[in-house]
Structure formats: structure tokens, C-alpha cells
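User: I have a structure open and would like to learn how to read it. Could we go through some features one at a time?

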Amino acid sequence: MKLYFSPGACSLSPHIVLREAGIAADLEQVDLKTKKTKSGADFTAVNPKGQVPTLVLDDGQTLTEGPAIVQYLADQKPEAGLAPKNGTLERYRLQEWLNFLTSEVHKQFSPLFRPNTPEEYKTIAKENLGKRFDWLDKQLAGKQYLTGDTFTVADAYLFTVLRWSTRVNIDLGKWPNVKAYVERVAARPKVQEAMKAEGLIQ
């Protein structure tokens with residue numbers, strides 16, 4: 001398999017999942033501005049959407065969209081415990097988290113990274129994120145991870161998007177449970193491995 005990624009982007013989530021699951025995969029870095037891979041290939045030939053993460057499977061098929069990719073990877077190594085069994089209510093709870101993260105957290109960050117977003121709208125986006133963080137802080141009270149004591153693919157995703165807070169001047173100190181959660185996930189050896197491989201930490 002090959003994972004197309006951009007350092008620190010939402011592709012960090014499946015990158016973490018690959019390492020947590022112990023799945024070997026090639027990594028190919030993408031410049032999202034030029035849509036070129038590090039080797040100089042046209043990334044839009046691999047994924048016409050031009051977005052990471054993109055996973056090319058062993059049989060040559062391409063899978064896109066982070067929440068779909070992380071569940072696929074978790075199901076390749078069920079013994080890693082990164083996602084509950086298909087068909088269980090726990091699995092739907094995981095999907096509930098992934099949907100919330102993709103629509104209500106990830107997408108609220110997007111306008112903050114675009115240079116042409118009006119400042120007034122950036123203020124609104126930050127207020128929206130603050131409301132989501134208020135709710136998340138309550139959900140994380142007394143819990144190690146989103147679904148309890150077990151690290152899942154949803155945690156890889158939430159950790160990835162929460163890391164963006166510093167880039168847009170949002171201080172997570174206002175949400176002590178969220179801040180402690182980020183530190184806890186960041187300390188995981190496989191998470192450190194993924195971040196080092198992407199050049200995000202030394």
C-alpha cells in the first residue's frame with residue numbers, strides 16, 4: 001500500500017493508524033499547492049480531487065477521505081483494536097465521532113488556513129471551534145480517549161486536527177481536558193514515530 005500525505009495535514013491521521021496497527025506501507029509526500037509528489041509526479045493523476053490522504057491499495061485501487069481510510073486500515077488488523085467490530089453499536093459510535101470530527105471540527109479549521117478568507121469570517125470560524133471545544137472538553141472529562149480507555153482511529157483524527165490550533169493562535173489551555181488529551185496522544189510511541197517521519201518533531 002502507499003499513503004500520499006502532506007506533513008501535518010489531515011493525512012497524519014491514517015499515517016498514525018498505519019503505525020499503530022503495524023501495517024507496512026510506502027509514504028509519498030505531496031505538495032498541495034503544486035499538486036506534485038516529492039518524486040515529481042502529477043498527484044491529480046492519482047486522486048483527481050487533489051487532496052490528501054489518498055491510499056493506493058495493493059491491487060491498485062485508490063481509497064480517499066480520511067474517515068473511510070482509517071476504518072479500512074483498522075479492519076485490516078482487527079487485533080490492534082483500533083475500531084470496534086463492524087455491525088456493533090460501538091462501531092456506529094466510532095462513525096458518529098468520525099462524522100462529527102470531519103464536519104464540525106476539521107472543516108471549521110479550513111477557512112483559517114486560506115489567505116483570502118475575510119478576517120471577520122475567521123473570527124466566526126474560531127467562535128464555532130470554541131463551541132465545539134467546549135463540548136469536547138465535557139466529553140473527555142474522566143476519559144483517556146474519545147470512546148473510553150481504548151485508543152481508536154477517531155483519536156488519531158481528533159489529535160491531528162487539534163494540532164492545528166497553535167497554527168491559528170487558538171490556545172487549548174482554555175479547555176484543560178482537551179489540552180491534556182492532546183499531550184496524552186502526543187506521548188504515544190507510534191504517534192511520535194509518525195510525527196518524526198513527517199518532520200513535525202525532532
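Predicted model: local features only at pLDDT ≥ 70, side-chain atom pairs only at ≥ 80, totals over all residues.

User: Which relative accessibility does Phe43 have, and is Phe43 buried or exposed?

Analyst: Buried means under 20% relative accessible area. Phe43 has 0% relative accessibility, so Phe43 counts as buried.

User: How many aromatic pairs does a search of the whole structure find?

Analyst: The search finds ten aromatic pairs. One of them is formed by Tyr4 and Phe43, with 5.5 Å centre to centre and 40° between the planes, and this pair is tilted. Tyr4 is in strand S1 and Phe43 is in the loop between S3 and S4, 39 residues apart, and their pair links distant parts of the chain.

User: How is a pair of aromatic rings described?

Analyst: By the distance of the centres and the angle of the planes. As a second case, Phe109 and Trp164 are also 5.5 Å centre to centre, but with 90° between the planes. Planes over 60 degrees apart count as edge-to-face, and the pair of Phe109 and Trp164 is edge-to-face. Phe109 sits in helix H3 (residues 89-113), while Trp164 sits in the loop between helix H5 (153-162) and helix H6 (176-186), 55 residues apart. Phe109 counts as buried because its relative accessibility is 0%, and Trp164 counts as buried at 5%.

User: Which residues do ring pairs link into a cluster?

Analyst: The cluster consists of Phe109, Phe113, Phe133, Trp164 and Trp175. Another ring, that of Phe151, has Arg188 over its face, at 4.0 Å from the ring centre.

User: Now the sheet. How do strands of a sheet pair?

Analyst: Through backbone hydrogen bonds, either parallel or antiparallel. Here five strands make an open sheet in the order S3-S2-S1-S4-S5, with mixed pairing. Strand S3 (36-37) and strand S5 (62-64) are the edge strands, and each pairs on one side only. Strand S1 (residues 2-5) and strand S4 (residues 54-56) run antiparallel and are joined by three bridges.

User: Which helix lies across S4 and S5?

Analyst: Helix H2 (residues 66-76) does, running at about 120° to S5.

User: At what angle do H1 and H2 pack?

Analyst: Helix H1 (residues 12-21) packs with H2 at an angle of about 5°, and their axes are 9 Å apart. Angles under 35 degrees count as roughly parallel, and H1 and H2 are therefore roughly parallel to each other. In the contact, Ser13, Pro14, Val17 and Leu18 of H1 meet Ile69, Val70 and Leu73 of H2.

User: Why is H1 described as largely enclosed by the rest of the structure?

Analyst: Because nine of the ten residues of H1 are buried. Among them are Leu12, His15, Ile16 and Glu20. The buried residues of H1 pack against S1, strand S2 (26-31), H2, H5 and helix H7 (189-197). Just after H1 comes Gly22, with a positive phi of about 75°.

Notes: Residues numbered from 1 in each chain as written. Heavy atoms only, no water. Pairing = 2+ DSSP bridges. Helix = DSSP H or I, 4+ residues; strand = E, 2+ residues; numbered from the N terminus. Contact = heavy atoms within 4.5 Å. Axes fitted to C-alpha atoms, helices over the stretch in contact; angles between N-to-C directions. Phe/Tyr/Trp six-rings, centres within 6.5 Å; stacked < 30°, edge-to-face > 60°. Buried < 20%, exposed > 50% of the residue type's maximum accessible area, 1.4 Å probe, protein only. Lys NZ or Arg CZ within 6 Å of the ring centre and 35° of its normal. Parallel < 35°, antiparallel > 145°, perpendicular 65-115°, else oblique.
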